[in-house]
There are 2 protein chains.
Amino acid sequence: MKARKRTRIEDIRREELIRAAHRVFLAQGLAGLTTASICAEAGMSPGILAYYFRGKEDVLFQMVRYNNRILMEDIVHRMRAAATPWDRLVAIIEGNFPAANYDRAAANAWLSVCAAASTNPEYARLQRTFYRRLASNLASCLRPVLTGDRLDALILTIGVMIDGLWLRRASDDSMTRERAVTRLHDQIVASLTPAELQSLRQTPAPH
Amino acid sequence: MKARKRTRIEDIRREELIRAAHRVFLAQGLAGLTTASICAEAGMSPGILAYYFRGKEDVLFQMVRYNNRILMEDIVHRMRAAATPWDRLVAIIEGNFPAANYDRAAANAWLSVCAAASTNPEYARLQRTFYRRLASNLASCLRPVLTGDRLDALILTIGVMIDGLWLRRASDDSMTRERAVTRLHDQIVASLTPAELQSLRQTPAPH
DNA sequence: AAATTTCTTGTATGATTATACAACTTTTTG
DNA sequence: CAAAAAGTTGTATAATCATACAAGAAATTT
């Protein structure tokens with residue numbers, strides 16, 4: 001009983017703080033995240049952070065994990081609702097450009113994590129995990145029609161273009177979500193033969 | 001005589017400081033750039049910076065302009081040495097992945113500027129100028145065989161992939177320069193018909 | 001309800017860092 | 001060479017911010 005209750009409150013506060021950090025993150029990137037700004041967003045006193053976390057870095061890291069997790073869960077959810085491999089592919093693309101979020105601020109947030117990954121091995125590991133999952137999701141859609149080098153190549157191109165389109169968003173307001181999704185969409189269509197494409201659109205999705 | 005001499009020393013110091021800032025930048029990204037680190041790298045006292053610049057932001061901004069300028073000059077130089085439009089295209093690609101520089105640190109540097117662009121309109125303007133020049137260089141290679149939407153689409157894909165491949169480099173050491181260049185190269189080949197490709201390889205470069 | 005544990009607050013401390021500036025040195029001018 | 005101007009130094013100052021912590025409030029236990 002004692003251990004249960006303590007654990008529950010601890011978990012609640014930790015999650016509140018992580019979610020508050022995440023809101024600040026999406027609005028201002030890693031640079032806007034100060035101990036004070038996180039606690040203020042959560043409606044708590046600045047001292048509380050040290051009580052529930054080892055320090056600011058601890059919150060930041062868990063917040064980025066949280067960010068990647070909800071992104072990935074959303075994508076998996078979209079994929080489950082898709083009937084064909086092609087629809088699953090579209091689900092991945094649209095999930096990587098959330099309608100409510102494709103803006104300068106979110107681009108900044110994403111880029112600041114990528115920049116951190118080049119310095120901090122823990123963040124780099126997180127990013128690689130994210131890319132591995134993306135690659136695995138893409139492979140599950142494309143394997144019916146592609147194998148070997150062509151499969152690897154298209155997976156890399158798609159992943160790289162997703163990042164590149166986010167990066168472009170950081171400085172170019174004319175890069176709308178629609179433009180990004182369409183460009184990626186068309187590029188994939190152009191990378192497949194009509195027969196391959198038709199096969200993706202007709203075969204039902206696996207399990 | 002008086003004005004000449006003063007201007008000369010001013011220009012020398014300014015350039016020394018900008019170049020010093022650029023070395024720190026390539027090694028540590030924008031985050032590593034403190035007034036002290038710049039001046040130490042230049043072998044000067046920390047106070048000197050305020051004498052020749054309005055402040056730290058002033059140096060940083062001019063340093064990024066310097067960075068973009070030498071990058072673009074290198075690309076133009078490579079393009080001049082190319083005989084066919086195809087070779088000019090390869091020159092652009094290779095110029096965007098300088099052999100000596102495609103590493104984690106440089107990726108961090110580049111990303112930190114892109115992240116800054118999402119917050120700071122001046123940096124955003126700089127980036128857009130850079131992309132516009134890249135697009136114009138690509139167009140000069142591709143216009144012999146492509147027009148309209150297909151031209152625009154390929155230009156966007158190439159630009160976006162360059163950035164995406166840099167971004168991937170930040171967290172993935174297995175993303176070598178060769179892999180990046182090859183992927184981009186192959187993607188362009190796959191986006192053109194054999195006839196278009198042959199035309200690019202045979203037609204001599206304009207002027 | 002008293003004692004104890006858990007939780008929360010606000011502030012103090014120390015580190016980092018941009019900037020201003022007074023003092024000093026070197027170069028230029030007359 | 002003396003005076004003035006230009007260039008350079010090192011430090012003082014003030015701002016920002018992460019972290020530690022003492023003190024107090026709330027909840028739980030006995």
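Modeller: One pair to begin with: Arg54(A) forms a salt bridge with Asp58(A), with 3.7 Å between the closest N and O atoms.

Colleague: Why is the pair Arg54(A) and Asp58(A) called a salt bridge?

Modeller: The term asks for a side-chain nitrogen of Lys or Arg within 4 Å of a carboxyl oxygen of Asp or Glu. The N and O atoms of Arg54(A) and Asp58(A) are 3.7 Å apart, so the pair qualifies. The model is predicted: local features need pLDDT of at least 70 and side-chain atom pairs pLDDT 80 or more, while totals for chains, interfaces and linings use all residues. Residues are numbered from 1 along each chain as its sequence is written, chains are lettered from A and ligands numbered from 1 in the order written, and side-chain values use heavy atoms, without hydrogens and water.

Colleague: Is Arg54(A) buried or exposed, and how do you know?

Modeller: Buried means under 20% relative accessible area, exposed over 50%, and partly exposed in between (1.4 Å probe, protein chains only). Arg54(A) has 77% and is therefore exposed.

Colleague: What makes the salt bridge of Arg177(B) and Glu94(B) a tie between parts of the chain?

Modeller: The side chains of Arg177(B) and Glu94(B) meet at 3.9 Å, N to O. Arg177(B) lies in helix 9 and Glu94(B) in helix 5 (residues 85-96) of chain B, so the pair ties together parts 83 residues apart in sequence. Helices here are DSSP runs (H or I, at least four residues; strands are E, at least two), numbered from the N terminus. Arg177(B), at 25%, is partly exposed, and so is Glu94(B), at 26%.

Colleague: How do you classify Asp173(B) and Arg169(B), buried or partly exposed?

Modeller: Asp173(B) has 48% relative accessibility and therefore counts as partly exposed. Arg169(B), at 10%, counts as buried. The two form a salt bridge, with the closest N and O atoms 3.2 Å apart. In chain A, Arg104(A), Arg169(A) and Asp173(A) are linked in a network of salt bridges. Over all chains the search finds 19 salt bridges.

Colleague: How many salt bridges cross from chain B to chain A?

Modeller: The rule finds one across that interface. The side chains of Asp163(A) and Arg168(B) meet there at 4.0 Å, N to O. Helices 6 (104-117), 7 (121-142), 8 (148-171) and 9 (177-191) of chain B each supply at least two residues of the side that touches chain A. Helix 8 of chain B gives the most, with 13 residues.

Colleague: What makes up the contact between chain B and chain A?

Modeller: The contact, meaning heavy atoms within 4.5 Å, takes 30 residues from chain B and 30 residues from chain A. About 2800 Å² is buried between the chains, with 63% of it from carbon and sulfur atoms. Buried area is the accessible area (1.4 Å probe) that two parts lose on being put together, summed over both.

Colleague: Why is Leu142(A) called buried?

Modeller: Leu142(A) has 0% relative accessibility, and therefore counts as buried. Leu142(A) sits in helix 7 (residues 121-142) of chain A. Not counting residues up to four places away in sequence, Leu142(A) touches Leu89(A), Leu151(A), Leu154(A), Ile155(A), Ile158(A) and Leu200(A).

Colleague: Which residues of the largest nonpolar core touch the most other members?

Modeller: Phe97(A) and Phe97(B) do, in a core of 90 residues. Such a core is a set of buried Ala, Val, Leu, Ile, Met, Phe, Trp, Tyr and Cys residues joined through side-chain atoms within 4.5 Å. Beyond four places in sequence, the residues that Phe97(A) touches include Tyr102(A), Trp166(A), Arg177(A) and Leu184(A).

Colleague: How many helices and strands does chain A have?

Modeller: Chain A has 10 helices and zero strands. Buried residues make up 50% of its 207 residues. Of the contacts in chain A with a separation of 6 or more, 69% join residues 24 or more positions apart.
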